[in-house]
Amino acid sequence: MASQAADAVSPGIGAKKPRLAALSGLRAFAALNIVFFHFSNPKWFGPFAPIVDNGYTSVSFFLLMSGFILAYNYSERAQAGTLKARSFWLARFSRLYPVYVFALLISLGMLVEEWHARSHAQFAWGLALTPLLLQGWSPTLSTFWNTPAWTMCTEAFFYLIFPAVVVWKRPKRLGALLALMLGLWALGMVLPGLYMWLHPDGDLHPGRYTDGFWIRALKFTPPPHVPSFLFGIALADLDRLIPRASRKRLMMGVLGMIGLYLILYYGDKMPYPMMHDGLLMPLYALAILGLAGHNLISRFFGFFPFVAVGQASYCLYILHFNLWNMIHESHLLERTGLIRFDPWLSYGLLIGASVLVMLAIEKPAQRYIRGLLKPA
C-alpha cells in the first residue's frame, strides 16, 4: 500500500485498485511500535507509553490488515473467476521470500546462539524448517534464528489458503455482514478463552513473560490467527459498502484510535491471552475503515514520510530484531563515540537499512522473479 487514497468509485474488474496511503502510514507506526516494544523504555514516550508497553499487539494488527488488503485487492477478481491461484502465490512469494532469506543470511551469527541454547535435534529441525517458512508450526521452534520471522510462517499459510477462502459466499447485506464479523470476533477469542480456563501451562496469571508450550502455540502458530485473517477479509466487504468521503469514516477512525489507546492504557489489567488478535479486532476494524476514507486523520497518516516508511515496514519488521543486536554487539557506536545519540541513532539506522533493502533487494527481486516465471 502506498501513494494515494482510494477513490470513492471502485475500478473495473481486473483493474489495479487505488492504493490507500493512510494505511501505509499506519503500518509505519505499527512497525515502529514493535521496534520500540523490543528495544526501548516505554517511559521515554510519555503519554504514548501504554502503546509501546503493549507493542506486541501491533503484530495482531498486521495479521488482520493482511486479510483486509488481500481482499481489497483481489476479492472482486476472485468473485469474477479471474484470480488464478498460481499467479497469486507467485506474486506473494516474490514479495515475501527474497527479503525473508536476506534477513536469515545476515543473521547467520545467530545460529551460534541457537546451537548453544537448544538440543541438537531441535537445532536440526529449526535449521530445516525456518528457510521453508514452517517454523511457526512448532511452538518450541517458532522464534528460531530470527525471532519475528514466525509471523511470515503465518502469512505464508494465509497466502496458501486465500484463493480458496476468498471465494466463499459472504453476506451482501450490512446486518448479515456485521453478524458474520461478530461471529469471527467471538471465534477469535475461543482459544484464548480456553487457555485462560484450563491454564495448560500452570500459570494462573499469564503475561508477557509466560513462556510455556501452550502460550507459545497460542501466540506463534498459524491456526489461532485464522479468525483475525478472515475478519480482515470480511472487513474489506464492509469497506466497499461505505463511501470513501462518508463522515462516518472519520467517526469510526476516531473511535477506533481512542478505543485502542484506552485498551492499551489499561493493558496490564486486560486478559493477556485475548490481547493477541481476539479482543482488539473491532477496534482495528474501526481504525482501518476510518483511515481508508477521505478525512483529517487519513490525511495525517497519508503524510509522505509516514507512507515511505510504511512501504518498507515489512523490511523493518523482519530485519529489526537481529540487526539491532548486530549493531550493539559490534560495539561500533561505542568505538565511534556515537553511543551518546543512542537509541535514536539505532532507530534511524534500522529505518534507513529497511528502506535501502526495500529498494535494493525487495523491489528488484520481485520484478526479477515475476519476469522469470511469467508465461511466454
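Predicted model: local features only at pLDDT ≥ 70, side-chain atom pairs only at ≥ 80, totals over all residues.

Me: Why is the pair of Phe45 and Trp344 called edge-to-face?

Reply: Rings of Phe, Tyr and Trp (its six-membered ring) pair if their centres lie within 6.5 Å; planes under 30 degrees apart are stacked, over 60 edge-to-face and the rest tilted. The centres of Phe45 and Trp344 are 6.0 Å apart and the planes stand at 70 degrees, so this pair is edge-to-face. Phe45 is in the loop between H1 and H2 and Trp344 in helix H19 (residues 344–373), so the pair ties together parts 299 residues apart in sequence. Helices here are DSSP runs (H or I, at least four residues), numbered from the N terminus.

Me: Why does Phe45 count as buried, and what does Trp344 count as?

Reply: Buried means under 20% relative accessible area, exposed over 50%, and partly exposed in between (1.4 Å probe, protein chains only). Phe45 has 16% relative accessibility, so Phe45 counts as buried. Trp344 has 47%, so Trp344 counts as partly exposed.

Me: What makes Trp137 and Phe157 an edge-to-face pair?

Reply: Their ring centres are 5.2 Å apart and their planes are at 85 degrees, so the pair is edge-to-face. Trp137 lies in the loop between helix H6 (120–129) and helix H7 (150–165), and Phe157 in helix H7, so the pair ties together parts 20 residues apart in sequence.

Me: How do you know that the charged end of Lys17 sits over the ring of Tyr72?

Reply: The rule asks for NZ of Lys or CZ of Arg within 6 Å of the ring centre and within 35 degrees of the ring normal. The charged end of Lys17 sits over the Tyr72 ring, 4.2 Å from its centre. Arg92 lies over the face of Tyr159, at 5.6 Å from the ring centre.

Me: What classes of residue make up the lining of the second largest pocket?

Reply: The lining has 19 nonpolar, three polar and no charged residues. Nonpolar covers Ala, Val, Leu, Ile, Met, Phe, Trp, Tyr, Cys and Pro; charged covers Asp, Glu, Lys and Arg; the others, Gly among them, are polar. H1 gives the most to this lining, with six residues.

How values were computed: Residues numbered from 1 in each chain as written. Heavy atoms only, no water. Helix = DSSP H or I, 4+ residues; strand = E, 2+ residues; numbered from the N terminus.
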